[in-house]
Amino acid sequence: MCIRDRMSKIPQPDQRKIKYGPEERIQMSRLRQTIAKRLKHAQDTAAMLTTFNEVDMSKLISFRKENQEEFKNKFNTKLGFMSFFVKASIKSLKQFPSVNSEVENNDIIYKNYYNISFAVGTDKGLVVPVLKFANEMPLLDISKSVKDLAERARSKKIAPSEMEGSTFTISNLGMFGISEFTSIINQPNSAILSVGAIVQKPIVKDEKIIIGNTMKLTLAFDHRVVDGATGSAFLNTLRNFIENPVGILSTQSKLGKATQYIQPFWFSERTRKKTGLWLKGFPKLVPTDMVDISKVSEKELNKFVKAQPLSCAFIP
């Protein structure tokens, strides 16, 4: 059949209309009723303001690609982008405490812990599992926990207690190809981060036009507790961490007086060879090693950390 004939062809009757009639009324599930009430309450009570930013994902994509295979082989889990967004969010929240706060009557409650929740769509509605005390988790544990919580949420095996206590929320529709969107605050949080899809497009870099990988980030926050300048600064800080992955995983830039041990994070063999992941007189380190550095000079240690900040965490 040619295009001209198709344009004049009468469409087939809608099968759903035949089965259920012109209209159908179905009662909302308890979960969807709860979601609707909470979202409407957030809209009615929070003074929501939204800011937008664009992130260059090139370095993070390269890092993930370079290390994905070895990470998966060693730990039987993928190195997901969500893990980096959780880490970057925590480091940014520490600089802007009001974004990790809650409004209760006339009080502001600053949360000095970081329970990061993330939205998961299920056939019964939206659920928001929580990574409890995510600031105490290494990247590996975050990757595993995100996968585990998301799978159990979709299979309806997640406990109510695992969806409580959030201090900050991340919503990712980028996986569905949505380039940019805004979210409703997940109260009692004061802010929610919306993560869009990675898009290839021409960008200007070093005065040259190249094809870059960009992502749109959106931060919706409660203007009652987070000022516009603070929300914007938070989003810019988050962008800087994402664009420079070294800053996401480094936990301390200078040697603290209480520092006694150096514990490396997992890092690929290729990168270890490129940067030399060892101190003078020390063997190569593996992720489970705890090396006593009490006899290493501060100058030598800081030189090592500066050369390879992704590889180590300081344990007081």
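**Aromatic pairs in the model**

A search of the whole structure finds 5 aromatic pairs. The model is predicted.

Start with Phe63 and Phe84. Their ring centres lie 5.5 Å apart. Their planes meet at 90°, so this pair is edge-to-face; the cut-off for that label is over 60 degrees. Now place the two residues. Phe63 belongs to helix H4, residues 58-75. Phe84 belongs to helix H5, residues 81-95. The pair therefore ties together parts that are 21 residues apart in sequence. Phe63 has a relative accessible area of 10%, so it is buried. Phe84 is also buried, at 0% relative accessibility. Buried here means under 20%.

Next come Tyr113 and Phe133. This aromatic pair is tilted, with 5.9 Å from centre to centre and 50° between the planes. Tyr113 sits in the loop between strand S3 (107-110) and strand S4 (116-118). Phe133 sits in the loop between strand S7 (130-131) and helix H6 (139-154). Because of these positions, the pair ties together parts that are 20 residues apart in sequence. Tyr113 is partly exposed, with a relative accessible area of 30%. Phe133 is partly exposed too, at 41%.

Then look at Phe96, Phe168 and Phe234. Ring pairs link these residues into a cluster.

Finally, return to helix H4, residues 58-75. Arg64 places its charged end over the ring of Phe81. The distance to the ring centre is 4.4 Å.

Note on methods
Residues are numbered from 1 along each chain as its sequence is written. This is a predicted model: local features need pLDDT of at least 70, side-chain atom pairs count only at pLDDT 80 or more; totals for chains, interfaces and linings use all residues. Side-chain values use heavy atoms; hydrogens and water are left out. Rings of Phe, Tyr and Trp (its six-membered ring) pair if their centres lie within 6.5 Å; planes under 30 degrees apart count as stacked, over 60 as edge-to-face and the rest as tilted. Helices (H or I, at least four residues) and strands (E, at least two) are DSSP runs, numbered from the N terminus. Buried means under 20% relative accessible area, exposed over 50%, partly exposed in between (1.4 Å probe, protein chains only). A charge sits over a ring if NZ of Lys or CZ of Arg is within 6 Å of the ring centre and within 35 degrees of the ring normal.
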